[in-house]
Each structure stands twice: as structure tokens, then as C-alpha cells.
Amino acid sequence: MRISPAARRHLRRFTPLLGLALLVLAGCAENYPQTTLAPKGDFARAVDTLFRSTVRWAVVVFVLVEGALIYAILRYRSRPGGREASQFHGNALLEVIWTVIPAAILVFIAVPTVRTIFRTAEAPAGDPLVIEVIGHQWWWEFRYPEHNITTASEMFVPVGRPVDLRMRTADVLHSFWVPQLAAKRDVFYGRDNRMWFTAEEAGVFPGQCAEFCGIQHGRMAHRVIAAEPADFDAWVAQMSAASSPVPVSQDDSLALEGQALFASRACAGCHALQAANAPTGLIGPNLANIGARLTIAAGSLDNTDENLARWLRNPQEYKQGVQMPNLGLSENEITALVVYLRTQRVAAVPPALAATAP
Ligand code: HEC
Ligand SMILES: [Cu+2]
């Protein structure tokens, strides 16, 4: 094939762009594990296996069909003095062949698909850990009825033990999705939905609400922290012991001031500060472990002092429309509240996992 000089110049201009695009794509794979292509849970793995087998069939079909097409184009193209092409319209044998072959291929795709649907919709054997998942505009609440503990935006699960999610919403439709662990599951008002998965290895897995639920749907993220069973048990023990806010040292005047502000500035009306036996039906996320959480603002900001202060200065500025009003706090009040919130450390993510957190 001959390429004209103009076309060649054109191609050359695109080569760096292509290289850049490849680099960007490679970066995605490394640093942004919110992907379905690297499953770390049984449910996600079943879906991934199905996806790969379907793609394999699709590749076979593509190569055969395109191959036949290209062969026909080259072999039977019109030549000077060539005869008119043979006509096959209404050939019964051909019609049967090209109906039966695609039907057979569809069977090869349909059988594993239906099998996977049934398998992943089946309650797992053994002793699953029940977790209640409650969608809110715009954050997720997680309750562990077995241990009577509550968290927000960070769900701890033990590696190797199936979890049994009982899912609903406090307001509108949301969809719970952690691509590396399981498929999406929508939550409905007044109805429990279920989903099961087992984390296969320890890690911090990011998730994202996958059903448009209002203006801040895009900032409704969460993490699933899959911990080794011993670390999970330690987390449960620490959270279960937190049936009241972490006491503040009497020498820490700033923290004491923050504690008083938390009670007097309406915070306590929307936020619980206890992980165990926490009240239900509050508007805001449970803040029992806010001092040690990885993120704030529903998984969308790192949990640093600067970000906490920025949030308290005016939550509406970062997350417009959020159910937390601008409380008009002074800078001194914000400083005191940040110091106080930082004392509310109940159970940290194991450092080895936190280090790998996306
Ligand atoms: C009217 C209810 C309401 C009041 C009052 C309120 N908040 Fe909130 N707060 C919320 C809601 C709702 C969110 C979750 C926002 C989101 O991410 O969508 C939130 C989020 C937060 C967060 C981030 C937590 C997380 O899980 O991401 C912190 C920290 C916080 N509030 C602290 C405070 C403090 C301190 C006060 C008092 C000065 C306060 N809030 C008053 C409703 C409230
Ligand atoms: Cu959403």
C-alpha cells in the first residue's frame, strides 16, 4: 500500500497523541482500581469470567465474518470483462445455515449467562455476615445487626466470609456498586433488595453510586475495606466498645471547646458519635470514627484537617445542595471542631491496607 506524503504527515502528527492516550490508559489501570477487569470478589469474578467468554465468542465471530467479507471483496471484486455475480436469493439451504449458526452461538452465550445470573442470585452457604445498606442523598450507611454497630461510607468486611447485604434507601433510588467485588444493585424505597459477595483478598476497594440520585450523585462514593478475619474481628471489637463518644482529655482546651460546640451547634441533631447502638433515622452520617476515616464527604475528599475545615466552613461550597447547611461557624469554632472530630478515633483501617488505599 502506498501512503501519500500528506497522509504520512497527518499520521506523524497523531503518533504522539496516540502514545499519550496509551500512557493515560495505562495510568488508569495502575492507580484507579474502580474497574470490573480486576475482580477481587467471587461475584465480580463470575461476571468477569462470563464477560471474557462472551468476548472470546465475539472475537471468533468477528474474525470469521470479517475474514469472509474481506475474502469475498478481494476474490470476487468486479474486473473488466468479468461476469455478473451469481444470485442466491431464496436459497433455502443457505438461509437455514446462517440461521442455525448464530442461534448456536447465542446458546453458547446464553447458557453461561443464565447460569451466572442464578448462581450470583443464590444465598451463599455457610454463615454469611449480614450488613444493612441504606442509601441516602448522598452517602451510604452501613449497619451490622449481628454486632449492633453503624458506619458511614466505609464498609468493613472479612476476607473469605460471604456478606449478605440487605439493601434499601432512605429517600430516592441509588445503586450500590463496588466493581472489584460485585455487580450493581439498585435500592428502592420500602423494599429490601439483597446481594451477596465474598471478598477474596484484603484491600481497599472503591465504589460509586451507580444510579442517578440528584445533584450530588457524582460525589456519592464509598469504600469497602476487606480485612483479614483477625483485623476484622479487632475492628468489630473496637467499634462495639464505642457506645458513647470518645472522651476528651481535660487538658485539651480546644478539643473541649469543639465538644461543646458539637452539642450546641446542632451537629448532634444530625450526627451520632457512637458506633454501637447508634440511633437510626438521622439525617447525617455516623461520625463515631470520623477521626480515623480515610475520607469525608461520602468518599470524595481525603480526611485531612484542611478538608474537614473546608467542609465545616461551608459544606454547600464543595457539595452544593447537600443536606448539611452552612452553619456560619467562625474560624476559631472550625479549628476547635476539627481538633474535636480528630479525637473521635475508634478503629483505624489496618496501616498496611490504608497504605494501598486508592
Ligand atoms: C441538618 C443536618 C446536619 C447538621 C446540623 C450538621 N450536619 Fe454534618 N452532615 C450532614 C449530612 C447530610 C452530611 C453528609 C453529606 C454528604 O456527604 O452528602 C454531613 C456530613 C458531615 C461530615 C462529613 C462526614 C462524612 O461521612 O463524610 C462532617 C465531618 C460533618 N458533617 C460534621 C458536622 C458538624 C461538626 C456539624 C455541626 C457544626 C454538622 N455536621 C452539622 C448533615 C448535618
Ligand atoms: Cu447516586
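Visitor: Which helices each supply at least two residues of the shell around ligand 1, and which of them gives the largest share?
Guide: In this predicted model, where local features need pLDDT of at least 70, side-chain atom pairs count only at pLDDT 80 or more and totals for chains, interfaces and linings use all residues, the helices (DSSP runs of H or I, at least four residues, numbered from the N terminus) that each supply at least two shell residues are α6 (267-270), α7 (305-313) and α9 (331-343). Residues are numbered from 1 along each chain as its sequence is written, chains are lettered from A and ligands numbered from 1 in the order in which they are written, and side-chain values use heavy atoms, with hydrogens and water left out. The largest share, three residues, comes from α7.

Visitor: Which residues coordinate the iron atom of ligand 1?
Guide: Donors are N, O and S atoms within 2.8 Å of the metal (3.2 Å for Na, K and Ca), and sites may look incomplete because water is not among the atoms. At 2.0 to 2.2 Å, the iron atom is coordinated by NE2 of His 271 and SD of Met 324. His 271 lies in the loop between α6 and β11 (295-296) and Met 324 in the loop between α8 (315-318) and α9, so parts 53 residues apart in sequence are tied together by the pair: His 271 and Met 324.

Visitor: Which side chain has an N or O atom 2.8 Å from an oxygen atom of ligand 1?
Guide: A polar contact here is a pair of N or O atoms within 3.5 Å. A backbone N or O atom of Ala 297 lies 2.5 Å from a ligand 1 oxygen, whereas the side chain at 2.8 Å is that of Lys 319.

Conventions:
Polar contact = N/O pair within 3.5 Å; in protein donor to acceptor, adjacent residues only side chain to side chain.
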